[in-house]
Amino acid sequence: MIDIVKNIATVPRRTKTSVIRELLKLTNKPNVISFAGGLPSPDFFPYDFVAEKAKEVVEKNGRMALQYGPTEGLPQLKEEFIKFLKEYEGIDARPENLIITTASQQALDLVGRLFIDAADPVVVEMPSYMGGLQVFKSYGADFVGVTLQDDGVDVEELEEKLEWLRKQDEHYKFVYLVPDFQNPSGVTLNRKKRERVLELSEKYDVAVIEDSPYRQIRFEGEAPEMLYKIDQDTLKTHNIISLFTFSKTFAPGLRLGVMLGHEDFIKRFVTLKQSLDLCTSSLNQLIAAEFLKTGQFKKHLEVVNREYKIKRDIMLLALKKYMPEGVNWVKPEGGLFLWVRLPKWMDANKMFNEAVNENVAYVIGSAFYADGSGKNTMRLNFSYPSHQQIEEGIKRLADTIRKNISAKQAVK
Ligand SMILES: Cc1ncc(COP(=O)(O)O)c(C=O)c1O
């Protein structure tokens with residue numbers, strides 16, 4: 001056999017296995033309560049709807065459903081998605097502004113392919129979505145991290161970093177943001193900061209990727225308008241590329257997402273997608289079009305939002321009840337995650353195996369930091385575990401943390 005290491009190209013050489021996937025393997029033990037995944041709950045998938053519509057779509061429109069489709073996506077889904085954008089976000093879009101993707105992870109790959117040459121600076125939140133960091137890294141990105149605050153990215157620091165890059169004559173390519181119930185932190189970018197981000201995008205002539213899988217999973221409070229929408233109504237930079245996915249609002253197994261942007265961007269993404277998979281599943285697109293058209297999407301969102309709110313509240317209550325002093329967390333108004341900060345001296349990476357031995361698992365926060373910092377943080381998922389598991393798991397986690405704190409105090 002050939003020497004693989006010697007023969008593989010630069011991109012796969014740079015592509016590292018995700019730390020989360022490695023850690024998740026450890027959490028597959030039967031008794032472990034896992035807060036580690038990012039999965040929607042399978043208890044609420046619309047099984048009957050999919051079974052019924054799959055049959056109907058194949059019977060009525062099988063020649064299209066089982067055939068290759070256009071790379072940019074089927075007009076039926078685009079049409080329904082345009083209506084969704086208008087109704088939910090007040091956004092005006094035309095079919096040329098959309099490309100249907102094989103979910104958002106493919107969209108992130110397309111972004112990486114379009115923009116990144118080796119050693120190009122890419123501006124990211126710290127912490128940021130690990131799957132985004134991983135794909136941008138594989139294309140050779142050099143990350144410039146900007147602190148994430150409890151109301152979104154630090155816009156002053158963002159300006160400083162962009163200014164610094166411009167002075168260095170660095171060809172920075174884009175700013176990657178997850179502005180709604182961010183993965184991992186659950187934080188939402190507030191309205192004022194959104195406006196500032198757009199001003200900076202115009203001033204520094206930089207694209208902004210608005211990756212928003214959790215936006216529709218809102219339990220309370222008012223959603224600030226999307227960056228894309230604010231831009232459409234005000235500056236009209238056309239620098240915003242927004243990423244949607246059906247993974248959290250329908251079912252991740254369908255692998256369906258949508259990118260929204262200026263048609264000049266979209267044309268490029270279409271060309272690049274041709275070499276990835278030619279097209280996204282026609283059958284799944286037609287089912288999703290029905291999901292939107294029949295109002296099932298709205299009904300499903302009501303169920304998911306109601307049920308996840310209950311789970312979030314159980315987790316918040318358990319944290320309050322069990323966590324020792326010095327541990328704090330961000331209360332998210334939606335999404336799937338809760339972000340926990342341990343006392344500064346603590347190391348969630350080192351504690352991970354202890355926690356698994358106590359039969360509870362989380363994701364280490366440092367996996368989401370482009371510079372590997374954030375060792376005292378962890379991400380907890382509340383959508384997947386049951387009510388009882390949330391209560392019991394937080395109790396176990398609190399016990400593990402308390403043991404570490406006591407051990408430190410004993411050394412003193
Ligand atoms: C911020 C963010 N972007 C993109 C994705 C990818 O999701 P999918 O490919 O299922 O649409 C995820 C998944 O968890 C995510 O959290």
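Q: What should I know about the numbering and the model before I start?
A: Residues are numbered from 1 along each chain as its sequence is written. The model is predicted: local features need pLDDT of at least 70, side-chain atom pairs count only at pLDDT 80 or more, and totals for chains, interfaces and linings use all residues.

Q: How is the chain divided into domains?
A: Domain bounds come from an automatic or database domain assignment. Here domain 1 covers 4-45 + 298-411, and domain 2 covers 47-294. Their centres, taken over C-alpha atoms, are 25 Å apart.

Q: How many residues does the contact take from each domain?
A: Two residues are in contact if their C-beta atoms, placed from the backbone, lie within 7 Å. Domain 1 gives 34 residues and domain 2 gives 34 residues. On the domain 1 side, helix 13 supplies the largest share, seven residues. Helices (H or I, at least four residues) and strands (E, at least two) are DSSP runs, numbered from the N terminus.

Q: Is strand 8 largely enclosed or exposed?
A: A residue is buried if 20 or more other C-beta atoms lie within 10 Å of its own, exposed if 12 or fewer, and partly exposed in between; C-beta atoms are placed from the backbone. Six of the six residues of strand 8 (residues 240-245) are buried, so the strand is largely enclosed by the rest of the structure. Ile240, Ser242 and Phe244 point one way; Ile241, Leu243 and Thr245 point the other way.

Q: Which strands pair with strand 8?
A: Two strands pair if DSSP finds at least two bridges between them. Strand 7 (residues 207-211) pairs with strand 8 in the parallel sense, over four bridges. Asp211 has Leu243 as its bridge partner in strand 8. Strand 9 (residues 257-260) pairs with strand 8 in the antiparallel sense, also over four bridges. There, Phe244 stands opposite Val258.

Q: What is the order of the strands in the open sheet of four?
A: The order is 10-11-14-13, with antiparallel pairing. Strand 10 (328-330) and strand 13 (363-364) stand at the edges, each with a single partner strand, so one side of each has no neighbour in the sheet.

Q: Which residues come nearest to the ligand?
A: A residue is near a molecule or strand if its C-beta atom, placed from the backbone, lies within 6 Å of it. Of the 14 residues around the ligand, Ala103, Ser104, Gln105, Thr245 and Ser247 come nearest. Helix 6 (residues 103-115) gives the most to this shell, with three residues.
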